[in-house]
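Dear colleague,

I am passing this structure on to you, and below it I have set out what was found. Please read the notes with the model open beside them.

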Amino acid sequence: SLPPIYVKIPATVTNNGGPTLSPTLEESGSLDIDIIGYINALKDNATITINENQNGTNYGDSSNFVTCYSEPTDPPHYELKLSNVIGYGILLVKGNLELGGGFTWHGLVLTSGELKLNGGAGGINVYGSIFSSNTIDVNGGLDLEYDSCEIENALINQPLKVIKWKEVY
């Protein structure tokens with residue numbers, strides 16, 4: 001049973017509006033996760049590219065997990081906004097990410113920038129895990145649940161990469 005939110009010290013999490021976290025607390029520590037490295041490694045296998053803010057879109061389904069990639073290019077914010085979105089798989093955002101009400105994701109969410117969770121109507125529901133390189137701002141209705149099965153489903157179709165090769169005679 002792992003926490004749904006992990007922050008590297010000295011970062012903090014601001015919770016407003018009574019979000020539901022399962023388990024109930026975020027965890028902090030000195031572990032430095034190379035989120036940008038993971039995004040760069042996984043983006044070439046993306047099946048969907050998200051070029052603009054989305055409202056009312058579905059990505060994949062429970063039998064078809066996908067990898068979505070976005071690199072927002074609207075200076076100065078470099079922010080992707082997703083509301084009323086249902087997705088299955090991996091969501092990779094190279095920049096800031098704002099999630100609005102009605103957002104539900106099964107799998108992994110990785111963002112290299114700031115993450116804003118504004119769970120208005122319909123709340124925000126993530127079953128898997130979220131990784132963010134910077135500030136996490138939590139407001140309104142939120143249900144974050146660490147789910148290793150959803151993470152496994154998201155990663156299972158990723159291609160294997162050869163790390164080392166040795167020919168034996």
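Phe 103 is buried, with a relative accessible area of 0%, where buried means under 20% relative accessible area, exposed over 50% and partly exposed in between, for a 1.4 Å probe and protein chains only. Trp 105 likewise counts as buried, at 0% relative accessibility. The ring centres of Phe 103 and Trp 105 lie 6.0 Å apart with the planes at 5 degrees, so this pair is stacked; rings of Phe, Tyr and Trp (its six-membered ring) pair if their centres lie within 6.5 Å, and planes under 30 degrees apart count as stacked, over 60 as edge-to-face and the rest as tilted.

Please bear in mind that this is a predicted model, in which local features need pLDDT of at least 70 and side-chain atom pairs count only at pLDDT 80 or more, while totals for chains, interfaces and linings use all residues. Residues are numbered from 1 along each chain as its sequence is written, and side-chain values use heavy atoms, with hydrogens and water left out.

By the ring rule the count comes to 2 aromatic pairs. In the pair formed by Phe 65 and Tyr 88, the centres are 5.7 Å apart and the planes at 80 degrees, so it is edge-to-face. Because Phe 65 lies in the loop between β7 (58–59) and β8 and Tyr 88 in strand β10, this pair ties together parts that are 23 residues apart in sequence; helices (H or I, at least four residues) and strands (E, at least two) are DSSP runs, numbered from the N terminus. Phe 65 is buried at 14%, and Tyr 88 is buried at 17%.

Phe 103 also belongs to the largest nonpolar core, which has 23 residues, and is among the members that touch the most others, as are Leu 82 and Leu 97. Such a core is a set of buried Ala, Val, Leu, Ile, Met, Phe, Trp, Tyr and Cys residues joined through side-chain atoms within 4.5 Å. Strand β13 (115–132) is one of those that each supply at least two residues of this core, and β13 gives the most, with 5 residues. A second, separate core of 12 residues includes Ile 35, Leu 42, Leu 92 and Ile 151.

Ile 151 is also one of the buried residues of helix α2 (residues 148–155), together with Glu 150 and Ala 154. The buried residues of α2 pack against β10, β12, β13 and β14, with contact taken as heavy atoms within 4.5 Å.

Best regards
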